[in-house]
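Subject: Handing over a structure, with notes on its sheet

Dear colleague,

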Amino acid sequence: MLGLALQNTLGDLFSGIALNVGRPYVLGNWIILSDGTEGRVIETNWQSTHLLTAAHDVVAVPNSLLAEIGVNKCQ
């Protein structure tokens, strides 16, 4: 029962570790997600990555979702 309750949290934790070790992006990089969301990385932690969009909105994306859909860096 506890494992099911913690499934999303543990997924975010391990995805966050993998993203921080693999470093597909760093603070300040502009990235595009497969759903078309584009923004500059302003924060990354064990649970989520925060993007600042061109419209000055902050989008918090769970790391498990980033690991699943992939990330493209802009030049």
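Predicted model: local features only at pLDDT ≥ 70, side-chain atom pairs only at ≥ 80, totals over all residues.

Residues are numbered from 1 along each chain as its sequence is written, and side-chain values use heavy atoms, with hydrogens and water left out.

The sheet is an open one of 5 strands, ordered β4-β3-β2-β1-β5 and paired in the antiparallel sense. Its edge strands are β4 and β5 (71–73), each of which pairs on one side only. From one strand to the next the twist averages 45°, where axes are lines fitted to C-alpha atoms, for helices over the stretch in contact, and angles run from 0 to 180 degrees between N-to-C directions. Strands here are DSSP runs of E with at least two residues, numbered from the N terminus (helices would be runs of H or I with at least four), and two strands are said to pair if DSSP finds at least two bridges between them.

Strand β1 (residues 30–33) is joined to β2 (residues 38–44) by 3 bridges, the two running antiparallel. Along this pairing, Trp-30 stands opposite Arg-40 in β2, and Ile-31 stands opposite Gly-39. The β1–β2 hairpin has 4 residues between its strands, and Gly-36 takes a positive phi near 95° in it. β1 also pairs with β5, again antiparallel and over 3 bridges, and there the bridge partner of Ile-31 is Lys-73. In a regular strand, side chains alternate between the two faces of the sheet. For β1, the covered face holds Ile-31 and Leu-33, while the uncovered one holds Trp-30 and Ile-32.

β3 and β4 pair in the antiparallel sense over 5 bridges, with Leu-52 having Val-58 in β4 as its bridge partner. The loop between β3 (48–52) and β4 (58–62) contains His-56, and the hairpin has 5 residues between the strands. Most residues other than glycine have a negative phi, yet His-56 has a positive phi of about 65° although it is not a glycine. His-56 counts as exposed because its relative accessibility is 65%, the classes being buried under 20%, exposed over 50% and partly exposed in between, with a 1.4 Å probe and protein chains only.
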